[in-house]
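Please read the following note alongside the sequence and the structure.

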Amino acid sequence: MSQLGMINEIWLVSPLLILTAGAVAVLLIDVFLQRAWPGGLFTGFVLVAAMYTSNYLFLGEKFLPGQRIFHNLLYADRLSAFALGLFLCASIFVVLLAHEKLKQEKVEAAGEYYSLLLMTTIGAIIFASAGELITMFLGLETMSMALYCLCGSALTVRASSESALKYFLLGSFSSAFMLYGIALLYGLTGTTLIPELAAKLAGMDSTVLYIAIGLVLIGFLFKISAVPFHFWAPDVYQGAPTTITAYMATVIKASAVIALLRFIWGAVPGQAASWTGAMWTLAVITMTVGNLIALRQRSVKRMLAYSSIAHAGYMMVAMQVDPVLQGGGAAILYYLVAYTAMSLGAFAVVLVVASANPGEPDADEITRFNALAQSRPFLAATMALFMLGLAGIPPGMAGLLGKFYIFSSAVQAGFVGLAIIGVLNSAISAYYYLRVIVAMYFIEPQGDEVVEKPELGVGIAGILALCSIGVVALGVFPSALHDSARVTVQSFVNPTSLEITVEQMKAQPRPEFNLSLP
Amino acid sequence: MSEHLLSVLIFLPLLGAVLLYILPFFSAKSDGHGDIARWFAFGITTLTFVISLLKLLFEFDGTNVNPQFIEDIPWIAQYGISYNLGVDGISIYLVLLTTFLMPIIVLASHSVHSRVRAYLANMLVLETAMLGTLLALDVFLFYVFWELMLAPMYFIIGIWGGRRKIYATLKFVLYTVVGSLLMLVAIIYVVWQHQQQTGELTFLLSSLVSNTTFTMTEELWLFAAFALAFGIKVPIFPFHTWLPDAHVEAPTGGSVVLAGVLLKMGLYGFIRFAYPLFPRGAEEFAPYLAALAVIGIIYGALVAWAQEDIKKLVAYSSVSHLGYCVLGFVAFNTISATGSIVQMINHGISTGALFLLVGVLYDRRHTRAISEYGGLASQVPVFAFLFLVFTLSSIALPLTNGFVGEFLILLGSFERFPLLTLAALSGVILGAVYMLTLYMRTMFGEIDVEKNGKLKDVNAIELAAFAPLFVVVFWIGIYPKPLIDAIEPTVASYIEQVDQRSQRLLALEEQALSSRIALSYLPSSAAGGQ
């Protein structure tokens, strides 16, 4: 497939190159400037530039179905473009959050922080668009290493260092599992390229193969925090600075989900019968455990961590379904976008509320949300919308539609029991989401106790407004995103079926973009 | 406007709610007591009512049994979901009831003193959700509006409710959510069955009803899933425990809208969705539903009798009265089902009015204990008169609205469930007992609590809220013909269609069975031929 030529291939990875240059530049500027500077804004600019480039490529239809570049090491298909767009959008939001609230987070070294954030994003993009297992592993490690540092970036906060160490130890352990699995797969087939693996594994049936698949899956399930590989998640989510928690719950989780999809649907689809059984059980346990423990949390941040485990469980429901024919793939991608909008917004609110009492260990307790509707009506209203969305109750329409797509694909594939367990879980989750609304709206301020009014900057207000609009609009007009998600999944799973579609798209007039450079 | 009439009705209140939030002259600074916001909300709800009266009711063709004023726009085309609205004889008066009660509820909001703007906005969003639920003919659209009813009611009870408001509102939402999420799975299952049988993916109710076939087992399970969601909402005994809590804790307006409209949505769901889709499942469940309904009638009445709190008494009387509606509908003949729909409207009027009256008392004395009142008739004669009228309407005295519905229900149900209907009759008597006891204890005798000596009679605004209800009580009680004329033809054809579908499904299954038997005999007969 590599008839593109070196120059064109470099064009296709230009977003990655811009991000890399940005990561180095931020570090260097920080070293030479020796004083405070708006590093957040600069990082934001780098991300926007990368976004612009990727969009330009995307609109120019350069991300063709099944296209692979650099000797098949990376996919440059629509799924990569989707991942690029989602991660960069979410990263821009996180950078904006960090720009306003980094001081309250007790993060001193701003240059390193932003540089590491960019590196994590690079790793996430490579992880999600790898066409080969070793590259995938490299992406995973790039992402994880930078992330471990970011978790510990609040140097004076003990919980932050603790979370970094915990995440590092457990993360390395799970990476080793994954690497072992990759080695076994290589031993069985002599290749690590994703589609070639599928071809060689077709019809193969051996114990070693199942062990190998199991080991690789463990690595992925650790990253998406599926039960029983979830024990790190609550502590790390709670200990890390909230900006990083927001980043983990959205970009890192989405990246791991997309990479997992590439593995299960690209490399081992022939063995589906063996891993769907395990996935069924794990999905049920993940949803149930996540929701049940979330019920008992007092810290909203920790509650959102457990809820993110439960949401991983919902997505695992659709992973057992045929990605194209039964709509499992589009359901997961839609859910990822909806979940990103809702949980980014929710973490942003937690960040703002906690910043009223910086450094106190209980700054994100649910009692801190009491009567927020009266001191900060806008903040409370958006949080209520995100909570309703996560529970799948209108007007949080994106959450409702996300669940609808997931459960309808499950019912279509005959997993009625799984869908019923899923909706019952969803009903359980309604309780703890609604409890936040109870605190914000239904509890009156006590006597003449002075309530700290959290600072709400323009940037964060903008993020909250955008996320709110997203949560409502994505649900009221879901077709555009869902249709494009469908084509996206098809472009990876079954590229040949799409050629006509792309031809038709090319027939439509669009701004010309010539890749051949002078 | 006429081709988008239903959309206008649905979204006018939502527009009002949005304006309430964004327009500056509703802000706390320029509108401290929320008076401007109140008049604005009153204007919006009145406008909605006037439109529904002039454009919908007066141009509605009562002889046409099909949905009218249809709007059909594709919404989620990939899944065959469309924005499909329509109104027929079953829903038209429920729509009218909703738009009629809303201005009255806004008038009653004068007892709300904090965060008036948010209260009114929630009420307006609730009106949008209720009208959407009544008018949607696409199953998914219905589900979205059905769920949209939750959030505003959750806020109304939770923010403006009484002492145990948090417990009550969480209980209300969680009960409803469990039921409706299981219904969502059932909806999806029905739709995929339809796709497998016809090759077409659609959520349109009419296609699902006319083209999908189910086996008996499927029908039983699917009907059970729908019945759970709707049964919780009605509520049917034993799923009723959330209702007294919600009623007692809700502010007056919340109670009125809950009793007046929200509870009817459950039975409306049975009528519109569960019965047409799964006629045989419904047939199988009907005796049990009827029995539960009668248990609800008697149990609700007995518990109401024992209450010391006026509002709780009225709340349990709701459980009892809705039992009649359910009984009338599951008896499933034209007379009883028509009576059931009429009774839904009547219950909305009379119980709504009773909750308003309780609200009037509570505003003045801040207690709802029956023992705190007594001998009010001499002190507040107008109030006592209104209370008498609505009490009599609630116990179905002839010439009031309540009589018409209950009589039709009992008349129709006796044919199908003679013993249960006889048992239900005792509920009528019990109803008279507890309501008249309440009236006697609060209104007659001497004024024995000192504070009641200074009680003020109903004021002009309250009178304005009661006047239309008063008129309707006697209009339906004395001349119910237009109401019944609009409902009955649709109900008759509806019952016929459901029965036809039931027979068709039965025939299909027998056909399948006999062909299977024929197949199993085939080899032996072939062997015999040799």
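**Notes on the predicted model**

1. The side chain of Thr488(A) comes to 2.6 Å from the backbone oxygen of Ser484(A), a polar contact being a pair of N or O atoms within 3.5 Å in which, within protein, one must be able to donate a hydrogen and the other to accept it, while residues adjacent in sequence count only if both atoms are side-chain atoms. Thr488(A) belongs to helix α20 (residues 479-493) of chain A, and it counts as buried because its relative accessibility is 3% (buried is under 20% relative accessible area, exposed over 50%, partly exposed in between, with a 1.4 Å probe and protein chains only). Leaving aside residues up to four places away in sequence, Thr488(A) touches Arg78(A), Leu79(A), Phe82(A) and Leu333(A), where contact means heavy atoms within 4.5 Å.

2. This is a predicted model, in which local features need pLDDT of at least 70 and side-chain atom pairs count only at pLDDT 80 or more, whereas totals for chains, interfaces and linings use all residues. Residues are numbered from 1 along each chain as its sequence is written, chains are lettered from A and ligands numbered from 1 in the order in which they are written, and side-chain values use heavy atoms, with hydrogens and water left out.

3. Chain A has a mean pLDDT of 85, with 93% of its residues at 70 or more; pLDDT is the predictor's confidence in each residue, from 0 to 100. Within chain A, confidence is highest in helix α6 (residues 133-151), at a mean of 93, and lowest in helix α21 (residues 499-507), at 51. Over residues 508-518 of chain A, pLDDT stays under 50, and the model has 14 contacts beyond four places in sequence for them.

4. The contact between the chains takes 40 residues from chain A and 35 residues from chain B. Together, chain B and chain A bury about 3,200 Å², of which 78% is on carbon and sulfur atoms; buried area is the accessible area (1.4 Å probe) that two parts lose on being put together, summed over both. Of the area that chain B buries against chain A, Tyr79(B), Arg115(B) and Val185(B) supply 16%, more than any other three residues.

5. Across this interface of chain B and chain A, the rule finds zero salt bridges, a salt bridge being a side-chain nitrogen of Lys or Arg within 4 Å of a carboxyl oxygen of Asp or Glu. It does find seven residue pairs in polar contact, both at pLDDT 80 or more.

Definitions and conventions:
Helices (H or I, at least four residues) and strands (E, at least two) are DSSP runs, numbered from the N terminus.
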